[in-house]
Each structure stands twice: as structure tokens, then as C-alpha cells.
Amino acid sequence: MSYQIGSYRLKSKLLLAPMAGITDRPYRDVCRQYGAGLTSSEMITSDLSLIHTKKSQQRLPQRNEPGPRAAQIVGTEPEIMAEAARFNVAHGAHIIDINMGCPAKKVCNKAAGSALMQDINLVKKILHEVVNAVDVPVTLKIRTGWAKTKRNALTVAKIAEDAGIASLAVHGRTRNQGYTGYAEFETIRQIKKSLSIPILANGDIKTVEDAYFIFDYTNVDGLMLGRISHGRPWIFKEINDILLNNSPITPIPIKEKKTTAISHIDAIHRYYGTDQGVRIARKHIGWYLSNLVGHKADLLKPLTREIFPISDANEQLEKLDETLNSLWT
Ligand SMILES: Cc1cc2nc3c(=O)[nH]c(=O)nc-3n(C[C@H](O)[C@H](O)[C@H](O)COP(=O)(O)O)c2cc1C
């Protein structure tokens with residue numbers, strides 16, 4: 001039932017994928033509530049000169065957040081990343097995750113994120129330095145490689161295991177694919193076959209059936225879910241029910257889904273303050289609506305057109321509440 005990272009036995013084999021701009025504290029809380037075994041922070045710069053900005057502070061795992069708390073660091077210099085790992089542990093992280101999966105240009109221009117997979121010696125140095133810098137488990141997230149003809153995830157995975165990485169998440173796409181095209185799971189299956197550390201499969205898990213197929217095909221120890229959870233945090237419970245507990249999905253009452261959406265948006269307002277909160281909440285409202293109005297899809301555009309311009313937090317909540325209630329009357 002569980003997934004092991006160092007001494008941490010997680011409650012579920014389903015982990016939330018780190019997503020910059022999305023997996024903030026309120027998002028992590030709501031996914032944990034529905035059974036995510038671990039929820040990592042959004043990626044955090046290793047440049048400690050930037051760490052005191054409001055944005056970086058909001059991204060750190062929070063001291064009052066239930067454990068285990070994972071902080072994902074991104075960077076390019078082994079010593080600087082080691083220092084960043086120490087900083088995050090000193091500030092309450094229980095697990096350090098290294099990002100070698102992000103394809104974003106502003107990360108890759110500095111040869112960080114998935115660009116690191118092009119430089120095996122640098123990968124070795126980073127993993128070695130970070131693992132030795134902290135006495136908490138260090139995990140790694142990679143892609144299958146840089147490009148279709150440069151799929152070196154298995155090599156990187158073996159280096160990771162040798163360096164003492166405690167768990168490896170593999171997104172079944174190359175860096176060049178960005179988030180397009182299909183994820184591929186053969187590489188992940190090979191990695192699982194060749195390594196002894198726990199492996200997570202990630203990418204393109206869009207339905208409960210996908211989760212079932214990928215888990216079975218790759219034989220991995222757990223799954224990492226990203227976009228499927230947008231506006232649908234209860235997906236963790238649904239997949240846990242069917243895949244891991246071998247029981248039929250217990251449908252989540254619509255009333256509970258509505259309450260979850262409202263309390264998530266309220267938590268965003270409280271976490272960021274109302275001005276920033278209202279802006280950040282919009283994308284989540286869009287996702288909740290598109291999930292919850294599935295049965296009345298033609299209503300989606302007019303509804304979002306009404307809610308999105310609202311700039312007052314209370315009004316935004318009231319309108320969402322009114323909208324959700326109107327959909328089932
Ligand atoms: C908006 C967005 C932000 C992301 N930010 C990060 C990040 O900060 N760190 C990271 O390792 N991966 C990041 N990813 C990649 C996801 O963790 C995940 O690997 C990817 O979305 C594929 O999984 P999915 O198909 O389940 O969404 C991001 C993805 C998206 C869509």
C-alpha cells in the first residue's frame with residue numbers, strides 16, 4: 001500500500017508531481033486530504049540570494065505543514081545546490097528533491113532542470129554533493145532524456161542509485177517534447193527492472209484506467225500525478241480506491257466536491273492575501289468548473305466569463321458558491 005523514501009513510509013503510492021505556479025501550500029493540503037502520499041513544493045531556486053523574496057518564501061515547504069515535507073531544488077552548480085539543500089533542511093524540509101525534469105527555457109538556458117541530463121559528469125557531481133550535504137533522503141526527478149535519439153535515463157538512473165538517491169521519479173517524455181506528444185513507458189519499465197531503489201512513473205496519467213495500465217506495465221513502486229489533479233484533487237482517492245485498495249471507486253458526493261472547491265479557493269485567499277489570492281484562484285476556479293460542469297459543458301464559457309473579472313475575494317467566493325449551486329438545481 002505504501003511507498004518508501006528513506007525512513008519515511010508514505011501512506012499511499014500516489015504522489016503529487018511538483019508543478020511551479022500550482023503546487024503551493026493550499027494545493028498540497030487539498031491533495032493530501034484526498035490521499036496524496038507526498039506533496040512536494042514547487043521548484044525552489046538554489047540561488048540563496050533570491051530566497052528571501054516573497055515568491056521564494058511562499059514556495060518553501062511551510063513549518064506547520066504535515067510531514068514528510070519535500071522541497072524541490074533546481075540549479076546547476078553542485079556546491080550551490082548542496083548549500084540550497086542544507087538551507088531547506090534547516091528550514092523544515094524532510095526530503096530534498098532534485099529537479100532534472102523541467103524543460104522550461106529559463107531553467108535550461110542556465111543548463112539546469114532536464115538540461116543537466118546532457119552532462120553526465122555534472123549529474124554525478126550534483127547528486128554526490130547534495131546527497132552528502134544533508135542527512136535526509138534525497139530524491140531525483142528526471143525525464144527519459146534530452147531528445148528522442150538521446151534517451152539516457154537508464155544511465156542517469158544508475159548513477160542516481162550509486163550516488164545514494166532514495167527514490168527516482170521518471171517523466172516518460174524527453175526534454176524536447178516539453179509537455180506535448182505522448183509519454184513513453186518502456187524506458188520507465190527498463191529502469192524499474194534494472195534498479196533496486198523505489199521508482200515512480202510520471203506523465204500522461206489522465207484517467208484511472210491509465211493509472212492502472214501504467215502501474216501494471218512498468219511494475220513501478222508508485223505513480224506521480226500532475227495535471228490530472230487540476231480541479232480534481234479527489235483523483236488521489238479514486239485511484240487509491242481502485243488501484244491500490246482493490247475496491248470499487250466510492251463516488252465522491254457532488255456536495256463534497258463543491259465544498260472542497262470553495263474551501264480550496266478560500267485557503268488560496270488566506271495564504272496569499274486577497275489581492276494576489278484572487279488572481280491565483282482564477283485558474284483553479286477554471287479547472288474546478290470544467291471538471292464540475294462536465295454534464296453542462298455549454299455553460300462553461302459563460303460561467304467563467306462571469307467569474308473571472310471579479311477582483312474582490314469575498315465576491316469571487318460567493319459567485320463560485322452561487323454558480324456551483326446553480327448547476328445542480
Ligand atoms: C505548469 C507546470 C509546472 C511544472 N513545474 C514543475 C516543477 O516545478 N518541477 C518539476 O520537476 N516538474 C514540473 N512540472 C512537470 C510535472 O511535475 C510532471 O512531470 C508533468 O506535468 C507530467 O506529468 P502529468 O502528465 O501527470 O502532468 C510542471 C508541469 C506543469 C504542467
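How much area is buried between domain 1 and domain 2, and what percentage of it do carbon and sulfur atoms give? In this predicted model, about 1400 Å² is buried between the two domains, and carbon and sulfur atoms account for 59% of that area.

Domain 1 covers residues 3-244 and domain 2 covers residues 254-327. Their C-alpha centres are 29 Å apart. On the domain 1 side 17 residues take part in the contact, and on the domain 2 side 16 residues do.

The size of an interface is often expressed as the accessible area lost when the parts come together. For domain 1 and domain 2 that value is about 1400 Å². Within the share that domain 1 buries against domain 2, Pro-26, Gln-58 and Trp-234 supply 35%, more than any other three residues. The number of salt bridges between domain 1 and domain 2 is zero.

## Barrel

Eight strands form a closed barrel with parallel pairing, in the order β3-β4-β5-β6-β7-β8-β9-β10. On average, neighbouring strands of this sheet are turned by 30° against each other, direction ignored.

Strand β3 (residues 14-16) and strand β10 (residues 222-225) run parallel and are joined by three bridges. Leu-15 stands opposite Met-224 of β10, and Leu-14 stands opposite Leu-223 of β10. Strand β10 also pairs with β9 in the parallel sense, over three bridges, and here Ala-201 is opposite Leu-223. Along β10, Gly-222 and Met-224 point one way while Leu-223 and Leu-225 point the other way; all four are buried.

Helix α9 (residues 235-244) lies across β3 and β10, at about 160° to β3.

Arg-25 is part of helix α1 (residues 25-33). Is Arg-25 buried or exposed? Its relative accessible area is 13%, so Arg-25 is buried. Apart from neighbours within four places in sequence, Arg-25 is in contact with Gln-62, Asn-64, Glu-65, Pro-66 and Tyr-271.

Side chains of opposite charge can pair when their charged atoms come close. A network of salt bridges links Arg-25, Arg-28, Asp-29, Arg-32 and Glu-65. One of its pairs is Glu-65 with Arg-32, where the closest N and O atoms are 2.8 Å apart. This pair links distant parts of the chain: Glu-65 is in the loop between α2 (54-59) and β5 (70-74), Arg-32 is in helix α1, and the two are 33 residues apart. Glu-65 is buried because its relative accessible area is 3%, under the 20% limit.

## Other salt bridges

The whole structure contains 15 salt bridges. Among them is the pair Asp-266 and Arg-270, at 3.4 Å from N to O. Both residues lie in helix α10 (residues 254-272), four residues apart, about one turn of the helix. Asp-266 is partly exposed at 27% relative accessibility, whereas Arg-270 is exposed at 61%.

The side chains of Glu-306 and Lys-319 also meet in a salt bridge, at 2.8 Å from N to O. Glu-306 lies in helix α12 (residues 300-307) and Lys-319 in helix α13 (residues 313-327), so this pair ties together parts that are 13 residues apart in sequence. Glu-306 counts as partly exposed at 44% relative accessibility, while Lys-319 counts as buried at 19%.

Technical notes
Residues numbered from 1 in each chain as written. Predicted model: local features only at pLDDT ≥ 70, side-chain atom pairs only at ≥ 80, totals over all residues. Heavy atoms only, no water. Pairing = 2+ DSSP bridges. Axes fitted to C-alpha atoms, helices over the stretch in contact; angles between N-to-C directions. Contact = heavy atoms within 4.5 Å. Buried < 20%, exposed > 50% of the residue type's maximum accessible area, 1.4 Å probe, protein only. Domains from an automatic or database assignment. Buried area = accessible area lost by both parts, 1.4 Å probe. Salt bridge = Lys/Arg side-chain N within 4 Å of Asp/Glu carboxyl O.
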